[in-house]
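Good morning, and thank you for making time for this item. Please keep the sequence and the model open while I go through the selected points.

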Amino acid sequence: MVLLVTSDNEQFQTEKDIVERSVLIKNMLEDVGESDQPIPLPNVSSSVLKKVTQPSTGPTEIDVRGRYLSTASTTVESPSRPPILEQSQDETRKRTTDISEWDQKFITVDQEMLFEIILAANYLDIKSLLCRRWLQDGSQHDQGARPPEEIRKLFNIVNDFTPEEEAQIKKENEWAEDR
Amino acid sequence: MPTPVSVRVILAKQAERTRHSSKADIERFIEESEQKITSLKSQISTLWDCEHSGVDASQETASQIDTLVELRDRERACVASLRYIISPIRTLPVELLAEIFELAIENETHVEDIYRISQICSDWRVIAHATPRLWTRPIRVKLGTEQISGRNYADGLGAWWARSAPMPLSISLERIRGKMDPRILEHVLRVAPRFRSLHCPNYLPVCLINRLGECRLDSLEELAVGLPYGYPDTFVPPL
């Protein structure tokens, strides 16, 4: 067992094979050798460490991947008024799918933890926890590709391109259709 | 018609406005803006109903609606910008985001994936364009004019490789059908010193072989001729 101390001074007795998924800790253990000394993790809080050190098939992967893949969509009813009266310009220009309010709240809450985990994974050097599936969606799009608008919604990213820039980007990407 | 809202300008303004604000402050700004939006929507709705019920169909009413719609869109852009400013994804350092982009790109769909990343927002686009390793996965190149529909293929390929500089490249030349497109050929020859892996069909025009022979191929580690396309699965012994 290895004793880890988090940034909020909590101590965790953790199995060696679990903590060695972290290249940082593995290297520390190799450098120090057999020792009862606690390993300080000043950049990782106890709540994040709990997630990171859960057993390997565990919930972290589900947290990172599964919840994002399960975002339900709701169909927005067509407005009876002209669209510009009902939608923002951005929505008018590019509306694909909508994420339900409940899911949006859930994601917003959960994202804080997600990004803390990603930062901790980076610090601890645990590559498997870095999220690979941001661009993919297993539930809504059979093709597996998550459309840009949905990626924006997921992470509250603002589409700050002008219509001219968007046209230019589209033109730049046209060659790929000939590949 | 209402004037289009410049999201980038609003984002910059909100970033400046909230530079010293706490997350709680920003959440309060969002709430205030949402209340304004609700009020504006109600006013728009009232005016629209007046206009279409024939009570007041004057030019002035139409103009008022346009003004209110513009204000509402600005406020919505404010809310979106403020949400972005406090979004957890912005806590990630640029280097880590670039690394995640790299993990998220699949070999089979790497071109589509990287283009999707680079059209999310200008921040992501800048990061993607400043990360050459994202643009270095194997590319199949069509040199023949009959193989392309001419829509910016040469320019697109050139821009793609420019973003990958100075990293080594893996490319596969497809069998040429029709005449060779001189612009594409020039792009290929320009990046030849960066070829790490070059796969060619079993027939290449002599002039192309001669031109390639004139290039410095200092980075070349792998050359395959006549193999069916399918690498990197196909085993090719290194030079």
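How many residues of domain 1 of chain A are in contact with domain 2 of chain A? Before I answer, please note that this is a predicted model. The division of chain A places residues 1-53 in domain 1, while domain 2 takes 54-73 + 83-179. On the side of domain 1 of chain A, 16 residues are in contact, and they meet 14 residues of domain 2 of chain A.

Let me turn to the area of this interface. The size of an interface is often given as the accessible area lost when the parts come together. For domain 1 and domain 2 of chain A, the buried area is about 1400 Å², and carbon and sulfur atoms carry 64% of it.

Next, the polar side of the account. Between domain 1 and domain 2 of chain A, the count of salt bridges is zero. The count of residue pairs in polar contact, with both residues at pLDDT 80 or more, is four.

Which elements give two or more residues to the side of domain 1 of chain A that touches domain 2 of chain A? They are helix H2 (23-32) and helix H3 (46-52) of chain A. H3(A) gives the most, with five residues. Sorted by class, this side of domain 1 of chain A has eight nonpolar, five polar and three charged residues.

I now move to the backbone. Two asparagines of chain A have positive phi values. For Asn9(A), phi is near 65°, in a residue other than glycine. Asn9(A) sits in the loop between strand S1 (2-6) and strand S2 (11-14) of chain A. Is Asn9(A) buried or exposed? Asn9(A) counts as exposed because its relative accessibility is 64%, and the cut-off for that class is over 50%.

The other case is Asn156(A), with phi near 55°. Asn156(A) belongs to the loop between helix H8 (148-155) and helix H9 (163-173) of chain A.

Finally, chain B. Which residues does a cis peptide bond join there? The bond lies between Ala165(B) and Pro166(B), with omega about 5°. Pro166(B) is in the loop that runs between helix H7 (153-164) and strand S2 (169-173) of chain B.

That concludes my remarks. Thank you for your attention.

Notes
Residues numbered from 1 in each chain as written. Chains lettered and ligands numbered in written order. Predicted model: local features only at pLDDT ≥ 70, side-chain atom pairs only at ≥ 80, totals over all residues. Heavy atoms only, no water. Domains from an automatic or database assignment. Contact = heavy atoms within 4.5 Å. Buried area = accessible area lost by both parts, 1.4 Å probe. Salt bridge = Lys/Arg side-chain N within 4 Å of Asp/Glu carboxyl O. Polar contact = N/O pair within 3.5 Å; in protein donor to acceptor, adjacent residues only side chain to side chain. Helix = DSSP H or I, 4+ residues; strand = E, 2+ residues; numbered from the N terminus. Nonpolar A, V, L, I, M, F, W, Y, C, P; charged D, E, K, R; others polar. Buried < 20%, exposed > 50% of the residue type's maximum accessible area, 1.4 Å probe, protein only.
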